[in-house]
Amino acid sequence: MRLHLGYIPLLDAAPLIAAAEFGFAAEEGLELDLSAEPSWATLRDRLALGYLDGAHMLAPLALASALGLSGPPADLVVPLGLNLTGNAVTLSADLWQAMAPGEDGPATVARAFAGLAETRRRVGRPIVLGTVHPFSCHTYQLRHFLALGGLDLAAVRLVAVPPQHSVEALSRGIVDGFCAGAPWNGVAVAAGIGRIAALGCEIVPDAPEKVLALSARLGEGALPLVRAVARAGLWCAEPGNRAELAHRLAARAFLGQDAGLVARCLDGEIILDAAGRRRRVAGYIHLGRPALEPAADQLRWLIDEMAEAGQIPTAGIAATLEAAGRIYRPDLLRAAGLDA
């Protein structure tokens, strides 16, 4: 069976890429055509309209699409999680220098950012931050980051920038900073234009990040695909496979970035600035076992975050949660013979 799957060029697309590249899909009788999409909105629309059978997708966007909150109405199910965490807030080197936070603790950095943001807002030049999509954990993590400094999102100007274009947007001064997934924060640092200000795993530990979203019309292809991608995700999580995985992900056909940079992201070795200041963070990104099951507590957190962001009415949380429960399908993971 031939299936067409969409993804955005990010490290956390690894389970889909590995399923296609390392034989997991072939062992299930599947041939996967992977399509790198230009933006999350395009991926959302192509999945909803039937051009894709499934996709690597932002967890909140999969829910928003299936609930009719974003884009064309979509009949989707989410049988599998792909990763937890993996994002970071990166600011321009000039902005970081102007903030002068003194040390790297998230609260200290957030307070220094807040002071500069308030000054910029008063003079009519609000700080512009990029997020990958309104329905994303990136948006929610930015809200939590600003709250650490006593601000809300109204204190800055938020714009949507596809993750693979975030570095260019920073270099051109279109944004003053961005929240995106790996490897794009590291790419900005390597280019000498960005400074990683805060890691998503420190702002919101174990945030559900990407999921496998499938068309409910997929039928008999669903379980073999879930099995292939889940097995690939477990393989990606094995430390002994990281060098081979990094080399494959770094290829021009996928991320088109330095394999060493990709490997450091997989290892949680984060280079923060152009001077080479480093931190090793074991929880930077989780692939494999911790992420596999689309769990009820993750679903509740996502719905609460949507409400806090004003994307759904607070009074409607219970009804939205009930509807979302029909989209998250851990039973399909179990039916595929893989238990999280």
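This dialogue walks through how to read several features of the structure above.

User: What kind of model is this, and how are its residues numbered?

Analyst: This is a predicted model, in which local features need pLDDT of at least 70 and side-chain atom pairs count only at pLDDT 80 or more, while totals for chains, interfaces and linings use all residues. Residues are numbered from 1 along each chain as its sequence is written, and side-chain values use heavy atoms, with hydrogens and water left out.

User: How many helices and strands does the protein have?

Analyst: Helices (H or I, at least four residues) and strands (E, at least two) are DSSP runs, numbered from the N terminus. Here the protein has 16 helices and 14 strands. Its radius of gyration, taken over C-alpha atoms, is 19 Å, close to the 20 Å that the globule rule gives for 340 residues, so the protein is as compact as a globular protein of that length; the rule itself is 2.2 Å times the number of residues to the power 0.38. Along the principal axes, the C-alpha trace spans about 60 × 50 × 30 Å.

User: What share of the residues is buried, and what share of the contacts links residues 24 or more positions apart?

Analyst: A residue is called buried under 20% relative accessible area, exposed over 50%, and partly exposed in between, using a 1.4 Å probe and protein chains only. Buried residues make up 58% of the 340 residues in this protein. Contact means heavy atoms within 4.5 Å, and among contacts with a separation of 6 or more, residues 24 or more positions apart account for 75%.

User: Which strands are joined to strand 3, and in which direction do they run?

Analyst: The general idea is that two strands pair if DSSP finds at least two bridges between them. In this structure, strand 1 (residues 2-7) is joined to strand 3 by 2 bridges and the two run parallel, whereas strand 3 and strand 11 (residues 210-215) share 5 bridges and run antiparallel. Gly54 takes part on both sides, as the bridge partner of Leu5 and of Leu214 in strand 11. For strand 3 (residues 54-58), 5 of the 5 residues are buried, so this strand is largely enclosed by the rest of the structure.

User: How many residues of helix 4 are buried, and what follows the helix?

Analyst: In helix 4 (residues 59-66), 7 of the 8 residues are buried, so this helix too is largely enclosed by the rest of the structure. The buried residues include Ala59, Pro60 and Leu61. After helix 4 comes Gly68, whose phi is positive, near 75°.

User: Which residues cover the two faces of strand 7?

Analyst: Strand 7 (residues 128-131) has Val128 and Gly130 on one side and Leu129 and Thr131 on the other, and all of these are buried. Strand 7 runs parallel to strand 8 (residues 157-160), with 4 bridges joining them, and Leu129 stands opposite Leu158.

User: Are the charged residues Asp176 and Arg280 buried or exposed?

Analyst: Asp176 is buried, with a relative accessible area of 16%, although Asp176 lies in the loop between helix 8 (166-171) and strand 9 (177-181). Not counting residues up to four places away in sequence, Asp176 touches several residues, among them Arg120 and Val128. Arg280, in strand 13 (residues 278-280), is exposed, with a relative accessible area of 58%. With the same exclusion of residues up to four places away in sequence, Arg280 touches Asp267, Gly268 and Glu269; Arg280 and Asp267 are 13 residues apart in sequence and 8.0 Å apart in space, C-alpha to C-alpha.
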